[in-house]
Amino acid sequence: MRKNSIKNTRINGEVQKELSSIIRSEIKDPRIHPMTSVMAVEVAPDLKTCKAYISVLGGKEAKEATIKGLVSAEGYIRRQLAHNLNLRNTPEIRFILDESIEYGVNMSKMIDDVARNDSARKNQNREQDED
């Protein structure tokens, strides 16, 4: 897999910033959850396609509704990107639900539970040894 060039990395950052701004302040679709953030953007080197990884804080229904709302607003979002960014081509955007933060939070909770159970078990063994 090829590393991104400096130009491509800069374009990814600019598209991510503009996309976040558009989703936060310009789209009025009620399906889009207010706690929606753009986690990462990968623009292809030819500027034809773009993958936008979206994170939504909410339940499964809110996540699905947000993705559907974003897909239906893709034309408007592309038009706003073309207006705000000076790119040769405005990429087609594919919205991908990113659940990595939720996964990390769940893993952290599981680790904390295991650590808590382990310390409780050690305390219980010490009490039994003292008797």
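This is a short tour of a predicted model, stop by stop.

**Confidence colouring.** Colour the chain by pLDDT: the mean is 88, and 97% of residues reach 70 or more. Within the chain, β3 has the highest confidence, at 94, and α4 the lowest, at a mean of 84. Where pLDDT is low, predicted coordinates should not be read in detail.

**Helix α1.** Select residues 6-25. This helix has 20 residues and reaches 29 Å from its first C-alpha to its last, close to the 28 Å expected at 1.5 Å a residue. Now show the side chains of Asn 8, Ile 11, Asn 12, Val 15, Glu 18, Leu 19, Ser 20, Ile 22 and Ile 23, which are buried. An α-helix has 3.6 residues a turn, so residues three or four places apart point the same way.

**Gln 80.** Move to α3, residues 74-84, where Gln 80 is found. Is Gln 80 buried or exposed? Its relative accessible area is 17%, and buried means under 20%, so Gln 80 counts as buried. Leaving aside residues up to four places away in sequence, Gln 80 touches Ile 22 and Glu 26. Ile 22 is one of the buried residues of α1.

**A surface patch.** Select Met 39, Ile 101 and Val 105. Together they form a nonpolar patch on the surface, with about 230 Å² of accessible area. Val 105 lies in α4, residues 100-130, and is partly exposed, with a relative accessible area of 41%.

Terms used. Residues are numbered from 1 along each chain as its sequence is written. This is a predicted model: local features need pLDDT of at least 70, side-chain atom pairs count only at pLDDT 80 or more; totals for chains, interfaces and linings use all residues. Side-chain values use heavy atoms; hydrogens and water are left out. Helices (H or I, at least four residues) and strands (E, at least two) are DSSP runs, numbered from the N terminus. Buried means under 20% relative accessible area, exposed over 50%, partly exposed in between (1.4 Å probe, protein chains only). Contact means heavy atoms within 4.5 Å. Patches are made of residues with over 30% relative accessible area and no salt bridge: like charges are joined within 9 Å, nonpolar side chains (Val, Leu, Ile, Met, Phe, Trp, Tyr) within 5 Å. Accessible areas come from the Shrake-Rupley method with a 1.4 Å probe; for residues, only the protein chains shown count as cover. A salt bridge is a side-chain nitrogen of Lys or Arg within 4 Å of a carboxyl oxygen of Asp or Glu. The expected span of a helix is 1.5 Å times one less than its number of residues. pLDDT is the predictor's confidence in each residue, from 0 to 100.
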